[in-house]
Amino acid sequence: MAGFRFIAGLALALLQASAFAGMLTAARMWPSPDYTRITLESDAPLNFKHFTLSNPERLVIDVEGIGQSETLANLSAMVTAADPYVANVRSGLNRPGVMRLVFELKTPVKPAVFALNPMGDYGHRLVIDLYAATAAAQDMAQAPPPEKAVPASAPATAPANLAPKFNRLMLVAIDAGHGGEDPGARGASGSLEKHITLKVARKLKEKIDAEPGMRAYPTRDGDYFIPLHHRVNKARGVKADLFVSVHADAFIRPEARGSSVFALSENGATSAAARWLAKRENDADLIGGINIDVKDQYLKRTLIDLSQTATINDSLRLANYVLKEIGEVNTLHKNDVEQAGFAVLKAPDIPSILVETAFISNPEEEKRLNDDAYQDKLASAILAGIKAYFDKHPPAGRTTKVAREM
Ligand SMILES: [Zn+2]
């Protein structure tokens, strides 16, 4: 009995001693059109609970074991007027050992609050993702991808003016690699892959939109993290005809250089280097941080799709055209298109490629990647490859060149 009391007392003492054991080391906010993410980084795992309140709309998060700090106090200063969800953040001690964070909201939200273990340069993270609560804007990762629409053939008896027109725009999904919590690779002089990919992607979008009969659809247009499978789902949601993911390569040895183009592989990577690269690019989800529940749902859904083989063949064709054009602008890292298990290339019905524009880890290439004129050249080369592909392989539904030029 005395022993039990001693142990219980000791446990209580330890509990009290650890009441403020955790320390917030950083706080970040990433508002975006898709969702707003708030990340609280700490030196120890945090216990937390959350609930929402209405009139006015609020999200309350009780975090155990952290004290008031400058990091926490600065959170409200990070709220931008453009944030679609958050109006203000307050924090204060709710009861001994429990810090209460109150997010004052502009609109009802569907929150996802989850913890992440240390990964990459990050310590423990408490992630708060705020999605629109409306049915139309369901938790982005959970909405099943819409079925690809197949243009219906005209009934033989249909009047000519009711026949389907196959002059719809060719839609190219442009995927700027990384973003937000996930910086991607880092150059020797500090350039981040996520900023370079966005710049090249924006230039490519502009060029595609300027082409008659073509439109670009950016998977992201700002500095925020999008899970890999959601990039795929977004492209499928708009029924994109092609998917082009823009990246910048990195290697331990600074002399590694050149551009490469990749497609998905069904049966393992074409080289050890390609396998390594795909793993690094797929780690984006771990660095950026996704809710494990959502990830599981996604994995359950990712069954072998018979249309994948045909799509990969088209992806390889597209990749070869783009590789040829990029070869006019930069040294090629490898002379052939390579294949590996890139998660972002897994749309079963959209030819998809991943372009490693150059090595950000090579000081000379890092400099060029930051150069506006060079980014423009890269974008032009990718566009030329896409056009060459469309010329030879018009997507189903617009099989004649004449129709596409209408
Ligand atoms: Zn990348």
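1. Helices (DSSP runs of H or I, at least four residues) and strands (runs of E, at least two) are numbered from the N terminus. By this count the chain has 11 helices and 14 strands. The model is predicted: local features need pLDDT of at least 70, side-chain atom pairs count only at pLDDT 80 or more, and totals for chains, interfaces and linings use all residues. Residue numbers start from 1 along each chain as its sequence is written.

2. Burial and contacts over the chain. A residue is buried if 20 or more other C-beta atoms lie within 10 Å of its own, exposed if 12 or fewer, and partly exposed in between, with C-beta atoms placed from the backbone. Of the 406 residues, 40% count as buried. Two residues are in contact if their C-beta atoms, placed from the backbone, lie within 7 Å. Among contacts in the chain with a separation of 6 or more, 74% are between residues 24 or more positions apart.

3. The loop between strand 3 and strand 4. Strand 3 covers 48-53 and strand 4 covers 58-64, and proline 56 lies in the loop between them. The peptide bond joining asparagine 55 to proline 56 is cis, with omega about -5 degrees. Asparagine 55 lies in this loop as well. Its phi is near 50 degrees, a positive value in a residue other than glycine. Asparagine 55 has 5 other C-beta atoms within 10 Å, so it is exposed.

4. Histidine 178. This residue is found in the loop between strand 9 (170-176) and helix 3 (193-209). Histidine 178 is not a glycine, yet its phi is positive, at about 65 degrees. Is histidine 178 buried or exposed? It counts as buried because 28 C-beta neighbours lie inside 10 Å.

5. Helix 4. The buried residues include His229, His230, Arg231, Lys234 and Arg236, along with Leu228, Val232, Asn233 and Ala235. Just after helix 4, lysine 239 has a positive phi of about 55 degrees.

6. Two strands pair if DSSP finds at least two bridges between them. An open sheet is formed by 4 strands in the order 3-4-6-5, with antiparallel pairing. Strand 3 and strand 5 (86-95) are the edge strands, each pairing on one side only. Neighbouring strands of the sheet are turned by 20 degrees against each other on average, direction ignored. Strand 5 and strand 6 (residues 98-105) run antiparallel and are joined by 8 bridges. Serine 91 has leucine 101 of strand 6 as its bridge partner.

7. Helix 3 against helix 10. Axes are lines fitted to C-alpha atoms, for helices over the stretch in contact, and angles run from 0 to 180 degrees between N-to-C directions. Helix 3 packs on helix 10 (residues 372-392) at about 50 degrees, with the axes 9 Å apart. The two helices are therefore oblique to each other (under 35 degrees is roughly parallel, over 145 roughly antiparallel, 65 to 115 roughly perpendicular, the rest oblique). The crossing is right-handed (the near helix is turned clockwise from the far one by less than a right angle; anticlockwise is left-handed).

8. Residues at that crossing. Helix 3 contributes Lys199, Val200, Lys203, Leu204, Lys207 and Ile208. From helix 10 come Gln375, Asp376, Leu378, Ala379, Ser380, Ile382 and Leu383. By class, the contact has 7 nonpolar, 2 polar and 4 charged residues (nonpolar: Ala, Val, Leu, Ile, Met, Phe, Trp, Tyr, Cys and Pro; charged: Asp, Glu, Lys and Arg; polar: the others, Gly among them).
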